[in-house]
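Here is a short report on one chain. Look at the model first, then read on.

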Amino acid sequence: MKLYIVLLICFVFTHVAFSQSYMEFLEKSYDYLEKEDLFAAEESVRAAMRLEPGHPYNYALLTNLGTIQRRQGKYEEAVLSYTAALSRNMENISILESRASLYVEMGETEKAMNDYNMIISIDPLNEDALYCRGLLYLQLKSFLWAEQDFDRILEINDKTINGRLGHAILEKMRENYDESEQIYNYLISQRPRDWHLYESRADLYFMMGKNARAMSDLNRVFAETEPTAALYVLRGKVKIAQYEKASAAKDFLKAREMGYDKIVIEELMKMTQ
């Protein structure tokens, strides 16, 4: 939504010549977004571009269109919109980041990796891209490449959380649990209200068999945030380890209701019987 505000201000203060109808459609799309009417917002953006197909700012509208489509679950259409936007502004890091994260969401690891490689080639100091690429390397079990990206982040900024968090996840995947726990403990001491860290440490504690500690972290996250389906699944697993099968089943069913993979839930439910 911030991109819409910036775009509108740019139009006003640079006195770019375009029809009033074009501006009206932009304003309508912003209003529809405020009302969460994504379908109407999408149609307004399309209408604006039909009026001015050659307008130099249409790459920004295509980016917004992609984001609106993504929020509607129209992933393939969103990819096309981001790609069209990039064809007009090929080295725009913001658009590349949007498409890369969408590819990750779609499970298109190789395509996401290509976009993050492009971002880093344009901006070698981009910490977010290095972190995201490092996580993709972890998915591919390319631990040495992931470690290099996380080390590079710390070289760029030794105060950043992402470099150390990357190492915490890396050591967990290497089954170096004690090292991972030390990093999580340090990060939480520095950011005691970062609930994502508690969730990640709870997963580590579960893997270590420290279920009481895992539940303590999960209780904090549930009390302070809106729980995700994955969080219910993790708590259910911990409850099974604590022989609370009936309560675990409720968590798994809640996760399924929230859209978690039904096949996975079916297998987990067998453990509650």
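Is Asp-115 buried or exposed? Asp-115 counts as buried, because its relative accessibility is 5% and the cut-off for buried is under 20%. The model behind this answer is predicted.

## Overall layout

The chain has 16 helices and zero strands. Its C-alpha atoms fill a box of roughly 65 × 45 × 30 Å, taken along the principal axes.

Of the 273 residues, 44% count as buried. Take the contacts in the chain with a separation of 6 or more: residues 24 or more positions apart account for 46% of them.

Asp-115 sits in helix 7, which spans residues 109-122. Its side chain makes a polar contact with the side chain of Arg-99, at 2.8 Å. Leaving out residues up to four places away in sequence, Asp-115 touches Leu-96, Arg-99, Ala-100 and Tyr-103.

Ile-119 has a relative accessible area of 0%, so it is buried. Again leaving out residues up to four places away, Ile-119 touches Ile-93, Leu-96, Glu-97, Asn-126 and Ala-129. Ile-119 and Leu-96 are 23 residues apart in sequence, yet their C-alpha atoms are 6.9 Å apart in space.

## Helix 12 against helix 13

Two packed helices are described by the angle between their axes and the distance between the axes. Helix 12 covers residues 195-208 and helix 13 covers residues 211-224. They pack at about 155°, with axes 8 Å apart. The pair is therefore roughly antiparallel, since the cut-off for that term is over 145 degrees. The crossing of helix 12 and helix 13 is left-handed.

From helix 12, the contact uses Trp-195, Tyr-198, Glu-199, Arg-201, Ala-202, Tyr-205 and Phe-206. From helix 13, it uses Asn-211, Arg-213, Ala-214, Asp-217, Leu-218, Arg-220, Val-221 and Glu-224. By class, the contact of helix 12 with helix 13 has eight nonpolar, one polar and six charged residues.

## Helix 15 against helix 16

The axes of helix 15 and helix 16 (residues 262-270) come within 10 Å and cross at roughly 170°. That makes helix 15 roughly antiparallel to helix 16. Helix 15 brings Ala-249, Phe-252, Leu-253, Ala-255 and Arg-256 to the contact. Helix 16 brings Lys-262, Ile-265, Leu-268 and Met-269. By class, the contact of helix 15 with helix 16 has seven nonpolar, no polar and two charged residues.

Most residues other than glycine have a negative phi. Which value does phi of Lys-141 take? Phi of Lys-141 is near 65°, a positive value in a residue other than glycine. Lys-141 lies in the loop between helix 8 (127-139) and helix 9 (143-156). Lys-141 is exposed, because its relative accessible area is 55% and the cut-off for exposed is over 50%.

Tyr-243 has a positive phi of about 65° although it is not a glycine. Tyr-243 is placed in the loop between helix 14 (229-241) and helix 15 (245-257). At 73% relative accessibility, Tyr-243 counts as exposed.

Definitions and conventions
Residues numbered from 1 in each chain as written. Predicted model: local features only at pLDDT ≥ 70, side-chain atom pairs only at ≥ 80, totals over all residues. Heavy atoms only, no water. Axes fitted to C-alpha atoms, helices over the stretch in contact; angles between N-to-C directions. Helix = DSSP H or I, 4+ residues; strand = E, 2+ residues; numbered from the N terminus. Parallel < 35°, antiparallel > 145°, perpendicular 65-115°, else oblique. Left-handed = near helix turned anticlockwise from the far one by under 90°. Contact = heavy atoms within 4.5 Å. Nonpolar A, V, L, I, M, F, W, Y, C, P; charged D, E, K, R; others polar. Buried < 20%, exposed > 50% of the residue type's maximum accessible area, 1.4 Å probe, protein only. Polar contact = N/O pair within 3.5 Å; in protein donor to acceptor, adjacent residues only side chain to side chain.
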